[in-house]
Amino acid sequence: MEQAEPVKKNVLYCAVCSLPPEYCEFSASKNKCEAWLKETHPNVHQQLYSDNAITEKMAMTTLSEEKEAKEAAKMEKAITKEEARLEREHEKKKMSKIVIKRVVRNKRKCVTNVFGLDVFGIDLKKTAKAFANHFACGGSVSKNPQGLDEIVVQGDFSEEIKELIIKLHPQIPEENIAMVEDEKKNKKKTGQLP
């Protein structure tokens with residue numbers, strides 16, 4: 001007895017909340033999901049959000065009006081919280097600075113430290129590897145004195161790194177990138193004349 005091969009189904013997922021469109025109404029970004037669905041898949045939007053579909057859904061619900069009002073208020077509160085969180089995150093990104101610091105090690109040797117890329121959601125290990133490959137030098141992720149991760153590139157590449165960051169990550173505004181030069185002070189021996 002031969003078994004028929006299983007049929008592969010294509011499931012549509014929302015690009016905003018990553019749920020199937022039938023469940024977007026339960027996510028905190030319901031309005032954005034509905035706008036995305038209307039723009040990209042108008043036939044599915046018609047099935048889910050037309051007046052007939054909404055009337056059928058309402059007929060199937062068994063919630064009392066009081067519970068329904070509570071659920072609507074709860075959902076509205078969740079939507080407001082999500083929008084506020086996204087706004088705070090956006091403001092944090094706008095205010096964050098990426099600091100590119102050139103540090104002199106021994107006489108002529110320098111390293112370039114890049115701090116603040118992680119706020120913009122950039123993978124530091126991949127970026128350090130990209131810097132190392134681009135400049136043909138050593139590049140790694142290490143902790144700075146404050147205990148936060150930063151990229152350390154061997155060599156003086158501060159200007160080139162700024163240009164490369166702007167090229168690779170256009171979502172970062174150029175005015176959010178700051179250049180700093182840090183030189184270690186030479187220890188003068190006491191008791192000797194220059």
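Predicted model: local features only at pLDDT ≥ 70, side-chain atom pairs only at ≥ 80, totals over all residues.
Is Thr127 buried or exposed? Thr127 has a relative accessibility of 6%, so this residue counts as buried, the limit being under 20%. Leaving aside residues up to four places away in sequence, the neighbours that Thr127 touches are Leu117, Ile122, Ile151 and His169.

Read from the N terminus, the order of elements is α-α-α-α-β-β-α-β-β-α-β. The chain has 194 residues, and 28% of them are buried. Its accessible surface amounts to about 15,200 Å², with carbon and sulfur atoms accounting for 52% of that area. As for contacts between residues at least 6 apart in sequence, 49% of them join residues at least 24 apart.

I turn next to the interior. In soluble globular proteins, nonpolar side chains tend to be buried together. In this model, the largest nonpolar core comprises 18 residues. Val114, Leu117, Phe131, Ile161 and Ile165 are the members with the most contacts inside that core. Four elements each contribute at least two residues to this core: strand E1 (98-104), helix H5 (124-135), strand E4 (149-154) and helix H6 (158-168). Which of the elements gives the largest share? That is H5, with four residues.

Not counting residues up to four places away in sequence, Ile165 touches Ile98, Ile100, Val114, Leu117, Phe131, Ile172 and Ile177. Apart from this core there is another, made up of nine residues, including Cys14, Cys33, Val44 and Leu48.

Now to the aromatic residues. How many aromatic pairs are there? The count is two. In the pair of Phe131 and Phe135, the ring centres are 6.4 Å apart and the planes stand at 45 degrees, so this pair is classed as tilted. Both residues belong to helix H5, where four residues, about one turn of the helix, separate them. Phe131 and Phe135 are both buried.

The second pair is formed by Phe135 and Phe157. Here the ring centres lie 4.5 Å apart and the planes are at 15 degrees, so the pair counts as stacked. This pair links distant parts of the chain, since Phe135 is in helix H5 and Phe157 is in the loop between E4 and H6, 22 residues apart. Why do both partners count as buried? The limit is under 20% relative accessible area; Phe135 is at 11%, and Phe157 is at 19%. Taken together, Phe131, Phe135 and Phe157 make one aromatic cluster.

From the helix I move to the strands. Strand E2 spans residues 110-115 and is mostly covered, with five of its six residues buried. What does E2 pair with? On one hand, E1 and E2 are antiparallel and share six bridges; within that pairing, Val104 has Cys110 in E2 as its bridge partner. On the other hand, E2 and E4 also run antiparallel, joined by five bridges; there, Val111 is partnered by Gln154 in E4. The hairpin of E1 and E2 has five residues between the strands, and in that hairpin Lys107 adopts a positive phi near 50 degrees.

Ala136 is not a glycine, yet its phi is positive, at about 55 degrees. Ala136 sits in the loop between H5 and strand E3 (139-143). With 72% relative accessibility, Ala136 counts as exposed. Ser18, also a residue other than glycine, has a positive phi near 65 degrees. Ser18 is located in the segment before helix H1 (30-40), and at 54% relative accessibility Ser18 is likewise exposed.

Thank you for your attention.

Methods. Residues numbered from 1 in each chain as written. Heavy atoms only, no water. Core = buried A, V, L, I, M, F, W, Y, C linked by side-chain atoms within 4.5 Å. Buried < 20%, exposed > 50% of the residue type's maximum accessible area, 1.4 Å probe, protein only. Contact = heavy atoms within 4.5 Å. Phe/Tyr/Trp six-rings, centres within 6.5 Å; stacked < 30°, edge-to-face > 60°. Pairing = 2+ DSSP bridges. Areas by Shrake-Rupley, 256 points an atom, 1.4 Å probe, with all protein chains shown as cover.
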